[in-house]
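The following report describes the structural organisation of a protein model. The sequence and structure are shown first.

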There are 2 protein chains.
Amino acid sequence: MSRGKIRNMEEFAKVSGISRPTLSKFFHDSESVRKSTRERIEKALDEYDYRPNVYAMNQNRRTTRNIGIVVPNLADPFFNEIGRTVELACIKEGYSPILLSSHGNPSQESDNLDSLRALKPAGVLLAPFGRASNKSDVAKFAKDVPLVLIDAKIDGIGTPYFGTDNNQSIRLIVEYLCRSGSTPCFFEMKTPSNPNANKRRAAYLNSMERHGLPAHIFQAEGDGWDFEDIGRSRGHEMLAEQVFPTNTILCSNDRLAIGMLSAAYGLGLRVGHGSGCDLRIAGHDDHPFSRFTCPPLTTIAQDYSAIAQQAVKTLFHAIESEKRDTSQSETLFEGKLVMRSSA
Amino acid sequence: MSRGKIRNMEEFAKVSGISRPTLSKFFHDSESVRKSTRERIEKALDEYDYRPNVYAMNQNRRTTRNIGIVVPNLADPFFNEIGRTVELACIKEGYSPILLSSHGNPSQESDNLDSLRALKPAGVLLAPFGRASNKSDVAKFAKDVPLVLIDAKIDGIGTPYFGTDNNQSIRLIVEYLCRSGSTPCFFEMKTPSNPNANKRRAAYLNSMERHGLPAHIFQAEGDGWDFEDIGRSRGHEMLAEQVFPTNTILCSNDRLAIGMLSAAYGLGLRVGHGSGCDLRIAGHDDHPFSRFTCPPLTTIAQDYSAIAQQAVKTLFHAIESEKRDTSQSETLFEGKLVMRSSA
DNA sequence: GCAAAATCTTTACACGGGTAAATAATTAAT
DNA sequence: ATTAATTATTTACCCGTGTAAAGATTTTGC
């Protein structure tokens, strides 16, 4: 316990009998001092509870132990989970993650990078908006700070990228849907804010072509991040007008699918895989909620933890090697099919 | 644009023709300098993009412009929304919010307060776990930093508190349920992590007594934050065993209700208010998702923005008056009934 | 036990900006 | 225009830590 308060490192040096430069080294990296001194310091640390001033510490250090994490929208459970997973991976490596949400607003993304700059982060993990991101801001940032992209890519920026192989995952679920019932239609936003949406559409078209089946794409108008709302209102119209030529709808993501489920419910349509059902609905992402929808949602689970781990590992490698990785390398992880009762 | 990089305030003083102490004043509060000088500085700021070093700034300042925000779990959409609302209110007042999640872990809450201490925040807004919170840690923290509690209270800590009047809100929904159908049973967790749960139970008992009706409380075993899962698995058992004496279930919160809806679906029970339905289910909180459940969930909406605004206002008042408000004042806001089709 | 290597102490200066006091310049009031 | 009040400049020192250099001490290897 603390016997009298220590104001600064100088005072702590006095009471601990260790010189200030040595203490400075210790707090930077406890392994950098001899074991016997380390023990002496730790003992003193028990007695007097002193902690170096973060601001003074970071003032002169070239690089802090801060890692910035920027996601498009923390209110979206998907990004919440990604953010959390990455955060944990950083803590495990002894860094201090700073998680920021761009709140669905691309210009906030640039602002977030700007704020992070002021914190002199050792590196940054960014889940960008994609095409909506301010490319030149991100590119400029990447010149100054080690940057790794996750979930979505921004073309033409020399930066490692880790995400899900949408081509594989969509092919997988299309295959499943074809084998287990009728041909899937594809439901998506007309102007998706996420570039993965485009890849998924392309993958759908590609899959249908491989099967020699006709592709049917239906696009919902709507802006913003209220995907469930858009999925429901436009889905309601489309279902009511019976525009879908088959009874299976593959939604570009789970949030749209959740809206579509709600629309189907409102119209009294029975959704499900079994006999006696009017409609099958499937999604993509394994949204934390999709286990609890009625019926539970058949979907694709992304391998969050693999993405996070690899991204963090690559970032730390870039930080430690002090080289900027401008290879625009791309690492994709497979999605897993999660069969539930909605399709 | 920047013509040559400015390294520090000294250099910026040179190129702008303003003395460093005046610049220091300006960056602390731009209104504190004469209009003509302010304009000269802003003009120079356009030309040379200089920003003071945050670390050096905060090192000596008694109080930073940082506001800590701690919520129990950002993955819970309810707290996500509270956090976001409070965050916005802080930004509007010119402060820098730092949003931290305790990830469902009370000891993480103490850790978060600890990390915040190092950042010398001007004040902290805490949505605590309640009884699970480490009371002495919070109390100690409140001695050093202006603190305002939201959502949940911790007894015996002299701190303003803002939350929803559970007594009013439960009375309201019980009244509605009684008038619109059969008497509600109450479904909750046996060992709730949130103190509001206890207030809600008490309010339910109280309401039933006022109506002269028999109260029926059913408690689900289970730990952790997987409320939907607990609601579903225990709800499934209870529904299957037909333990509920009436066909109306009021759940302690929306997440449990969502689980219960899922359980009902699994058993083929028709949930809803209309005729031909087997069961009515209602919740509390107006979870962002409850609009999209099947059927949409009847619930109580908390007045987030009023809570956030008042809490922030009170905090800033405490900060500016430099007095610690130890009044343990309590301000409760009314919940609003949201009638949807589940009950 | 001795030299070489590793580690620590001492000293000294740097970092970038807060802030106080005395002085100078500007603005407002008469 | 003169004086008083306000605001800016100059000077100087402070904050708490990083870090480099030189010398002292301890540890290691043989």
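Which residues have the most contacts inside the largest nonpolar core?

## Model and nonpolar cores

This is a predicted model, in which local features need pLDDT of at least 70, side-chain atom pairs count only at pLDDT 80 or more, and totals for chains, interfaces and linings use all residues. Residues are numbered from 1 along each chain as its sequence is written, with chains lettered from A and ligands numbered from 1 in the order in which they are written.

The residues with the most contacts inside the largest nonpolar core, which has 84 residues, are L125(A), A311(A), L125(B) and A311(B). A nonpolar core is a set of buried Ala, Val, Leu, Ile, Met, Phe, Trp, Tyr and Cys residues joined through C-beta atoms within 7 Å. A residue is buried if 20 or more other C-beta atoms lie within 10 Å of its own, exposed if 12 or fewer, and partly exposed in between, with C-beta atoms placed from the backbone. A separate second core comprises 72 residues, including A197(A), M260(A), A220(B) and F292(B).

Beyond its neighbours within four places in sequence, A311(A) is in contact (C-beta atoms, placed from the backbone, within 7 Å) with V86(A), L125(A), V148(A), I150(A) and F162(A).

## Chain A

Chain A contains 12 helices and 12 strands; helices (H or I, at least four residues) and strands (E, at least two) are DSSP runs, numbered from the N terminus. The C-alpha trace of chain A spans about 80 × 40 × 30 Å along its principal axes. Of the 343 residues in chain A, 46% are buried.

Six strands of chain A form an open sheet in the order β2-β1-β3-β4-β5-β11, with parallel pairing; two strands pair if DSSP finds at least two bridges between them. At the edges are β2 (96-101) and β11 (330-333) of chain A, each pairing on one side only. Axes are lines fitted to C-alpha atoms, for helices over the stretch in contact, and angles run from 0 to 180 degrees between N-to-C directions.

Within this sheet, β4 (residues 147-150) and β5 (residues 161-164) of chain A pair in the parallel sense over two bridges, and L149(A) stands opposite Y161(A) in β5(A). Helix α5 (residues 77-92) of chain A lies across β1 (66-71), β2, β3 (123-126) and β4 of chain A, at about 170 degrees to β1(A).

## Chain B

In chain B, an open sheet of four strands has the order β7-β6-β8-β9 and parallel pairing. Strands β7 (217-220) and β9 (280-282) of chain B are its edges. Strand β8 (residues 248-251) of chain B pairs with β9(B) over three bridges, and L250(B) has A282(B) as its bridge partner. Helix α8 (residues 166-180) of chain B lies across β6 (184-189), β8 and β9 of chain B.

Elsewhere in chain B, helices α1 (residues 9-16) and α2 (residues 20-28) pack at about 105 degrees, with axes 9 Å apart. Helix α1(B) is therefore roughly perpendicular to α2(B), a term covering angles of 65 to 115 degrees.

## Contact between the chains

The contact takes 25 residues from chain A and 24 residues from chain B. Helices α4 (54-60), α5 (77-92), α10 (227-240) and α11 of chain B each supply at least two residues of the side that touches chain A.

Note on methods
Two residues are in contact if their C-beta atoms, placed from the backbone, lie within 7 Å. Angles under 35 degrees count as roughly parallel, over 145 as roughly antiparallel, 65 to 115 as roughly perpendicular and the rest as oblique.
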